[in-house]
Amino acid sequence: ARTHIVAARPSVGKSAYMGLEAVHCAKVLGEPVGIISLEMPGCNLRRRMVCEDADVVLGNVDKGWLTEPE
């Protein structure tokens, strides 16, 4: 088992990085992933990772600007 701790000042992309790493570890490496975040609720983290996995821009989901394929 591996442990990664990501820490930095606010608004520098920690959650975005962590989401990318989590999706990579789960999909590509087939490893189980557990996430603990003190900054963002789980529902927001899930939305980010689902959008990343689906290759959909999260901002477009929030604004309702999805295309037919998305």
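The chain carries 8 positive and 9 negative charges, whose mean positions lie 8 Å apart. In this count Lys and Arg are positive and Asp and Glu negative, with His and the chain ends not counted; each charge is placed at NZ of Lys, CZ of Arg, CG of Asp or CD of Glu. The model is predicted, so that local features need pLDDT of at least 70 and side-chain atom pairs count only at pLDDT 80 or more, while totals for chains, interfaces and linings use all residues. Residues are numbered from 1 along each chain as its sequence is written, and side-chain values use heavy atoms, with hydrogens and water left out.

The predictor's confidence in each residue is expressed as pLDDT, from 0 to 100. Its mean over the chain is 87, and 100% of the residues reach 70 or more. Confidence is lowest in helix α1 (residues 14-27), with a mean of 86, and highest in helix α3 (residues 58-63), at 90.

The chain contains 3 helices and 0 strands, in the order α-α-α along the sequence. These elements are DSSP runs numbered from the N terminus (helices: H or I, at least four residues; strands: E, at least two). The C-alpha trace spans about 40 × 30 × 15 Å along its principal axes. Among contacts (heavy atoms within 4.5 Å) with a separation of 6 or more, 37% join residues 24 or more positions apart.

Of the 70 residues, 17% count as buried, a class defined by under 20% relative accessible area, against over 50% for exposed and partly exposed in between (1.4 Å probe, protein chains only). The largest nonpolar core comprises 6 residues, namely M18, A22, V23, M40, L45 and M49. Helices α1 and α2 (42-54) each supply at least two residues of this core, and α1 gives the most, with 3 residues. Such a core is a set of buried Ala, Val, Leu, Ile, Met, Phe, Trp, Tyr and Cys residues joined through side-chain atoms within 4.5 Å.

L45, found in helix α2, counts as buried because its relative accessibility is 8%. Leaving aside neighbours within four places in sequence, L45 is in contact with S15, M18, I35, S37 and M40. By contrast, V12 lies 33 residues from L45 in sequence and 16 Å from L45 in space, C-alpha to C-alpha. V23, with residues up to four places away not counted, touches V28, M49 and D53.
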